[in-house]
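Please go through the sequence and the model shown here. The briefing after them is grouped by topic.

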Amino acid sequence: MQIRELSVPDSFEITPIVRSDDRGVFLEWYRFDKLAEVTGHPITLRQANTSVSKKGVVRGIHFADVPLGQAKYVTVTHGAVLDYVVDIRVGSPTFGQWDSVLLDDVDRRAIYLSEGLGHAFVALTDGAVVSYLVTDTYNPTAEHGIDPLDPQIGLVFPPEAGEPLLSPKDTDAPTLAEAAEQGLLPDYEAVRAFYATLNEEK
């Protein structure tokens, strides 16, 4: 597989080798050792999630308190989504910036987001199935959101997604500026120090 770092540091696009023949396809969609080579440590998996979304559904921007945080390894097993990583770490050189990766059932790419980064996606097809591995179990008291329509962030949704469909939880979420004022956002230096502890434990 090929792994490249995105424009938001500590997030990566993973492109697997897809082998196909008249029977179908085979691929390795997750390799802990290859990922560890670029992150500096193997990730500890504690939960796996799957969502099924109608075309136009937007989920996110979501993040969790660090520590422990929740790193995510995301792929699509059916349909297509545009997946976003947003740098919400206060003090980061790329604070407020985002990058995106097309995840679909053709190229079968994945995206990895380290702890402290914001995550969102928009479904480009009906019945888009997103599966993701995470490094901590769900903890509602540590989970937060940012309005994915916040103009300061400026996520761009492809025209083929149609009208964005959001949950009340996401539309009621604070903007990036409001989340910063409320002290909800992770601190860049603190998050980097947390990454260092993970590297020491490898």
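This is a predicted model: local features need pLDDT of at least 70, side-chain atom pairs count only at pLDDT 80 or more; totals for chains, interfaces and linings use all residues.

Residues are numbered from 1 along each chain as its sequence is written, and side-chain values use heavy atoms, with hydrogens and water left out.

**Overall form**

- The protein has 4 helices and 13 strands; helices (H or I, at least four residues) and strands (E, at least two) are DSSP runs, numbered from the N terminus.
- A compact globule of 202 residues would have a radius of gyration near 17 Å, and the 16 Å of the protein agrees with that. The radius is taken over C-alpha atoms, and the globule rule is 2.2 Å times the number of residues to the power 0.38.
- Along the principal axes, the C-alpha atoms fill a box of roughly 55 × 45 × 30 Å.
- Among contacts with a separation of 6 or more, 80% are between residues 24 or more positions apart; contact means heavy atoms within 4.5 Å.

**Surface and charge**

- Of the 202 residues, 50% count as buried. Buried means under 20% relative accessible area, exposed over 50%, and partly exposed in between (1.4 Å probe, protein chains only).
- The protein exposes about 9800 Å², and carbon and sulfur atoms supply 51% of this area. Accessible areas come from the Shrake-Rupley method with a 1.4 Å probe, and for residues only the protein chains shown count as cover.
- There are 16 positive and 31 negative side chains, with the centres of the two sets 7 Å apart. Lys and Arg count as positive and Asp and Glu as negative, while His and the chain ends are not counted; the place of a charge is NZ of Lys, CZ of Arg, CG of Asp or CD of Glu.

- Strand β11 (residues 118-123) has 6 of its 6 residues buried, so it is largely enclosed by the rest of the structure.
- Gly118, Ala120 and Val122 point one way from β11, while His119, Phe121 and Ala123 point the other way.
- Strand β6 (residues 58-64) runs antiparallel to β11 and is joined to it by 4 bridges; two strands pair if DSSP finds at least two bridges between them. In this pairing, Gly60 stands opposite Ala120.
- Strand β8 (residues 80-86) also runs antiparallel to β11, with 6 bridges, and Asp83 stands opposite Phe121.

**Backbone geometry**

- Gly60 and Ile61 are joined by a cis peptide bond with omega about 15°; Ile61 is in strand β6.
- Another cis peptide bond, with omega about -10°, joins Val66 and Pro67. Pro67 lies in the loop between β6 and β7 (72-78).
- Asp10, in the loop between β1 (2-5) and β2 (11-15), has a positive phi near 75° without being a glycine. Its relative accessible area is 11%, so Asp10 is buried.
- Arg108, in the loop between β9 (98-104) and β10 (110-113), has a positive phi of about 60° and is not a glycine. Arg108 is partly exposed, at 22% relative accessible area.

**Leu113**

- Leu113 lies in strand β10 and counts as buried at 2% relative accessibility.
- The C-alpha atoms of Leu113 and Phe12 are 6.7 Å apart, although the two residues are 101 apart in sequence.
- Leaving aside residues up to four places away in sequence, Leu113 touches residues including Asp10, Tyr84, Gly118 and His119.
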